Amino acid sequence: MTKSREDHDAGRRRFLKGMGIAGAGAAIADHLWTEVEAEEATATPETLSGSVKVVLDVNGKQREAQVEPRTTLLNTLRNHLDPAVTGPKLVCDVGTCGACTVLLDGKPVYSCLVLAVDATNKKITTVEGLGTPENPNAVQAAFVEQDALMCGFCTPGFVTTISAYLKKNPNPSLAEVKEACKGNFCRCGTYPRVFDAALAAAKSTGA
Amino acid sequence: MKAFEWSNPANINEAVKMLLPSTGDVDESPRPIAGGQDLLTTMKDYTSRPVRLVNLKNIRGLNSITLNAKGLTIGALVTLSELEEHAGVRKSFPGLAEAAHSIATPQIRNLGTVGGNLCQRPRCWYFRLEEVICLKKGGSECYAASGENKYNAIIGGGPSYIVHPSDLAPMLVALGATVNVTGAAGKRVIPLDKFFTLPSEGNIRRENVLKNDDIITQINVPASALAAKSTYLKFKERESLDFALASAAVALRMGPNEAVREARIVLGGVAPIPWRVPAAEKFLVGKKLTPDVLAETAKIALTEAKPLEKNAYKVPLTQTLVRRALAKAASV
Amino acid sequence: MQQQPQAQPTPKPKKKVRVPRVVNGVEQMVEIEVDDEAGPGWGPNDKHKLLNKRQTRVDGPLKATGVARYTYDQRLPGMLVARILRSPHAHARITKIDTDAAAKIPGVKAIIPAPLSEVRFAGAPVAAVAATTPEIAGDALRAIKVTYEVLPHVVHAHAAIRPDAPKVVEKEENLKEAGKNGDPQKAEAAFANADEIVEGEYITARIHHACLETHGMVVDYRGGDTATIYASTQGTFTIHGDAAKELGLTESAVTTTVEHMGGGFGSKFGLGLEGMLACRLSKQTKTPVKLMFTRYDEFVMAGNRSGSWQKLKAGVKKDGTIIALQARQYRLGGLGPGSQAGQPFIYRMGDTYREVYALHTNEDSSVAMRAPGFPQASFAVESLVDELAYKIKMDPVEFRIKNLRDEVYHRQLRRGAQEIGWSRRNPVAGGNAGPFKRGMGCAVGAWGGAGNDQCKVDVTISRDGSIVVAVGTQDLGTGTRTYTRAIVAEELGLTIKDVQERIGNSKLGNANPSGGSTTAPSLAPSVKDAAIKARMMMAERVAPLLGNPKPEEVVFADGKVSANGKSMSWQQALAALPAGGITSHGVWRTDLQSRGVHGVCFAEVEVDVETGHVKPIKMVHIQDGGLPLNRLTMESQINGGMIQSLGMALWEGRVMDAHLGMQLNPGFGDYKLPGSLEMPEMVPIIDDDDKREAVIGIAEGCIIPALGALVNAVFNATGVRVRETPVTPDKILMGLMNPNVLSRG
């Protein structure tokens, strides 16, 4: 499969170290190219087509799936893992609604705009990985308490986005919460209570 | 999405080679993929149907931001969130951080890259509908010209009336940025104001000078007093998530007595390319930014506007943005 | 407990009542016969233990953790995925469908034609494919070659009304009269006595339900004698009948389930074309088939809210009395008849005359959407009323009070004015200084909200303590599960956790489809009836242990059962049950529900007059609804009504291309739902001055007035009267630039 992120980063660190970080600033692309080409000119590009096996790290577990290069991460989670991971929802399928939000190495992304072949060796966290009905995380508990959901179809996306945001900013203002979840859309009209839940969750974690 | 081959080159030359084999239709040629946040949407609506995606993310050295006295270099794979959150960028290139922040949503910015943002395809709804084969898809008509053209170009249009969707582009043009490109023919550096092409000049199927095997590797922004006094104002119909109905990227260098020594004004969302307005820039030189001067500058900036049936509102809207952006940049 | 119950059923007197029944989402009044007697009531609204309190919803933890399983989440062994091929033409005859190439694609299992040979809107289904993955199904769609004979089309109302316009349906007129009301001569004559006259054309865009879970179902048929359908529906019982016909099974052999569903708003009733195609594909392949609309499908095929075009003329006296109205109302329902409440809506306007027409275009038929036809009528009349008030320089709140008969509105309007801070409002439209101008507006709304007798509820209490309330109804996100439990728990003196609900299955007791705000007023009385009966059955069993009180004298409270000064725990009482437990059967009782809800909305906005941007600042909605079953979820629903109305007011609208005949914005990028940054401060207020001890549906009521309130606030802020929704920046800027194009005050 794809080169692991670790290898990639390690390589980059080594390279930068060799260059001297202080001097790396001025030395723009040409220097980088020379180095990189010298190092890797002999490598053969990996090419995948047809049916391919991917191994995904989903909620801390290694999960295998047989997909095509065009299969999105969202579709893989929902339809190619067994048991399925159906918390992330397919709603707009073009990165405009947020219902499919998952965390990729801790950052919220739209899983409908990520290919499964491009998500290997990354940590994928879905709403299921954040908490359970018996043991919800602070955001999930606050969503219930504040009635921040109606039909609930947008809820996994909101919960995932806000859970990641509170790690980044544990004590947000209302305006910051709105900004953080502007990539998640709801149709029933739960927004005011989503904001309340995010602020309540921030408070409850004692941030 | 049409089925494609996924390739993972480890260096830029391999990547270029993987992009070379080209099929008949330009929209079926191999494409490089970085964040994929625009490319995958065009593939989902079959606007593009590449036979191969060439993943750039395993190529080393394309994902860092460096800042020194000469200026800023941004690897093409730097994400929009990395750019907007970079302390040095925020301090010395505030307009660029603002432009990055104005893009789409946090989720998109976590994956979308700077290189990809410059290479976005148009958002014109005719272009994006699979069933509609417009001028930009090899058809014979720009349906927006006489159709629902509320969001289309008021300047520089014809025969296609798309607007360029990038928010970084107007700001980077204002800041005099260049891009490093590698292709089968070698490496070259392209000033960004020569990068984008009007439908009447370049290949109507594309929005820039890149050939199919070209890859943007880096964006270079020279350090300058202009950069420190830069701002980007974007108007969205829906604040949460929208492309610019109009935007203004402005950078100023001030002289003595609060007079303008040099100005850059580039309009976004109103033309098929980031639209620089030299006449307005020139008008400002030596003047204080009084309300009258701002109004006159805004007027000059839009003198070339030839609105279509449903987008005349973009003229006063863009004038407002120009005025406000100039006032804001001056106060930075 | 509360009032005296009936101990034993005896022959009961009957009475006839008119109740709303929902057919395809639209209320129809029917006469039914019900028992003519009042049983134990709800009691005073402020005396409840669980109802009229803030209960978190019982399915909240499942939904917040991603565990709740929706129709779209169903995945069965071997299941195929189906996709629909849409017509790119707005009007065409299908002359040939060549599926040879598509059928050869590995993974494609079935291709069937849609039942239509002539398509009358772009996006109409032409064929359907079942394949092993959605990607392969997509490949197959693009490999099908369809030959069309293209016919002329018309998609814009102003073009469709022209005498020479292409006919939407051959040999039929595009314009069809749908009713007249009032005396045209009298209305015309009345204008002579008016001090001021306002005349305007008001247009609302067609908008989309945009349910986050698209329409569709999973048909689990494997060639046997039975089938199960997992549906995203507002009517558990609206599917299996037609599905059975398609599958060639008996009706009772088909079970529909709807555990959780992702929004309907009036658009999800019946098997639908998608369900029909899914059944046919499943029948042909003898394999489970999942057919969920893509987002594009959803926009062009799943229905929409009827657009409207209303020409109104009204006359007013200087003292604020509206004395005359002429209305010409066009319902813009595409191929369908559309919907629009008759003018002058809820106002008293003296001599009124209206003509209503359906004006057809080559677009898919509109379907019911939350308060069908009402927001459209409300927008027009509330704009008109506002214009009249400004014309005679009367405060719009006082002007409304003067022309509204029902005093509930007077009370609500005064309260709303206080909540929003109406006294801060500048009475001069556009009169505030600077480019960022604040403004306020208000509007009122009405709905029925009565129930009907379609719900049959069972409450079973087992000796092990399990209490199950079972009925086939569906929870659309309104909180049905939660209040169903709460009613039973309160009746038995227990907590919500002590009761389990079973819903969303057509093998359970019948239930009405959820449309027209009829769910709560139909279901809650039936649940209450079942709960009372269960309580009486328990009371009879435990009476010997409590000194033989009459069953109605046994008190169930705080987890205890008591009478005659004796008390036992619920656990002890359970021991008195027979081995099989007890099951009561509840039916609807007309005296436990009522009809008629009122709402007012006040909105404050800030308009940037140099860009046309409208920023909603604050919205207040006051809603009555008899007995609030759950204050928390009711407030959420009021918020939802305001937000959906806000979307209609400022951003949402289908855009059609005249030449291509296609929708240009069939996705969430260009069809702009409001998001987090569009949200104002929102104040949902339950009108507790309504003392009716009866359940009344409020879902429709709270979506109606906000649209008018917002548009009126934009006028107050800017002096620009935009008479066409959505009120987007281009319209405001053009209005400011060309005062003649739009009316200015």
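Strand β19 of chain C (residues 457-461) pairs with strand β20 of chain C (residues 467-470) in the antiparallel sense, and four bridges connect them. The structure described here is a predicted model. Within this pair, Asp458(C) has Ala470(C) of β20(C) opposite to it. Five residues lie between the two strands of the hairpin, and Gly465(C) adopts a positive phi near 100°.

On β20(C) there is also a parallel pairing: four bridges join this strand to β21(C), residues 499-502. One of the residue pairs is Val468(C) with its bridge partner Gln500(C) in β21(C). Helix α12 of chain C (residues 480-491) carries the chain from β20(C) to β21(C), in a β-α-β crossover that is right-handed. Strands of a sheet pair through backbone hydrogen bonds, either parallel or antiparallel.

In chain B, four strands form an open sheet with antiparallel pairing, in the order β9-β10-β11-β12. Strands β9 (230-235) and β12 (275-276) of chain B are the edge strands, each pairing on one side only. Between β10(B), residues 246-254, and β11(B), residues 260-268, there are eight bridges in an antiparallel arrangement. Ala248(B) has Leu267(B) in β11(B) as its bridge partner. Helix α13 of chain B (residues 314-331) packs on the sheet and touches β9, β10 and β11 of chain B, with its direction at about 30° to that of β10(B). A further helix, α5(B) (residues 94-101), lies across β9 and β10 of chain B and runs at about 25° to β9(B).

Chain C contains an open sheet of three strands, ordered β6-β4-β8 and paired in the antiparallel sense. Its edge strands are β6 (118-119) and β8 (145-150) of chain C, and each of them pairs on one side only. Six bridges link β4(C), residues 92-98, with β8(C).

| Strand pair | Sense | Bridges |
|---|---|---|
| β19(C) and β20(C) | antiparallel | four |
| β20(C) and β21(C) | parallel | four |
| β10(B) and β11(B) | antiparallel | eight |
| β4(C) and β8(C) | antiparallel | six |

**Chain A and the interfaces**

Chain A has eight helices and six strands. Read from the N terminus, the order of its elements is α-α-α-β-β-β-α-β-β-β-α-α-α-α. The chain comprises 207 residues, of which 57% count as buried. Among its contacts with a separation of 6 or more, 59% join residues 24 or more positions apart.

The contact between chain A and chain C takes 49 residues from chain A and 47 residues from chain C. On the side of chain A, the elements that give two or more residues are α4 (73-80), α5 (138-145), α6 (155-168) and α8 (191-204) of chain A. The most comes from α5(A), with four residues. By class, this side of chain A has 24 nonpolar, 14 polar and 11 charged residues.

Chain C also touches chain B, through 25 residues from chain C and 20 residues from chain B. Helix α17 of chain C (residues 729-737) supplies five residues, the largest share of the side of chain C. That side has 11 nonpolar, seven polar and seven charged residues.

**The nonpolar core**

The largest nonpolar core holds 410 residues, and those that touch the most other members are Leu175(B), Ala82(C), Val129(C), Cys601(C), Leu710(C) and Val714(C). Helix α13 of chain C (residues 519-542) gives this core its largest share, 12 residues. With neighbours within four places in sequence left aside, the contacts of Val129(C) are Ala82(C), Arg83(C), Ala102(C), Val108(C), Ile111(C), Ala137(C), Ala140(C) and Leu141(C).

**A loop residue of chain C**

Lys317(C) is located in the loop between β15 (307-316) and β16 (322-332) of chain C. This residue counts as partly exposed because 15 other C-beta atoms lie within 10 Å, whereas a buried residue has 20 or more and an exposed one 12 or fewer. Apart from neighbours within four places in sequence, Lys317(C) is in contact with Ala194(C), Asp195(C) and Ile323(C). Lys317(C) and Thr228(C) are 89 residues apart in sequence, and their C-alpha atoms are 63 Å apart in space.

Conventions: Residues numbered from 1 in each chain as written. Chains lettered and ligands numbered in written order. Predicted model: local features only at pLDDT ≥ 70, side-chain atom pairs only at ≥ 80, totals over all residues. Contact = placed C-beta atoms within 7 Å. Pairing = 2+ DSSP bridges. Right-handed = clockwise from strand over helix to strand, strands pointing away. Nonpolar A, V, L, I, M, F, W, Y, C, P; charged D, E, K, R; others polar. Axes fitted to C-alpha atoms, helices over the stretch in contact; angles between N-to-C directions. Core = buried A, V, L, I, M, F, W, Y, C linked by C-beta atoms within 7 Å.
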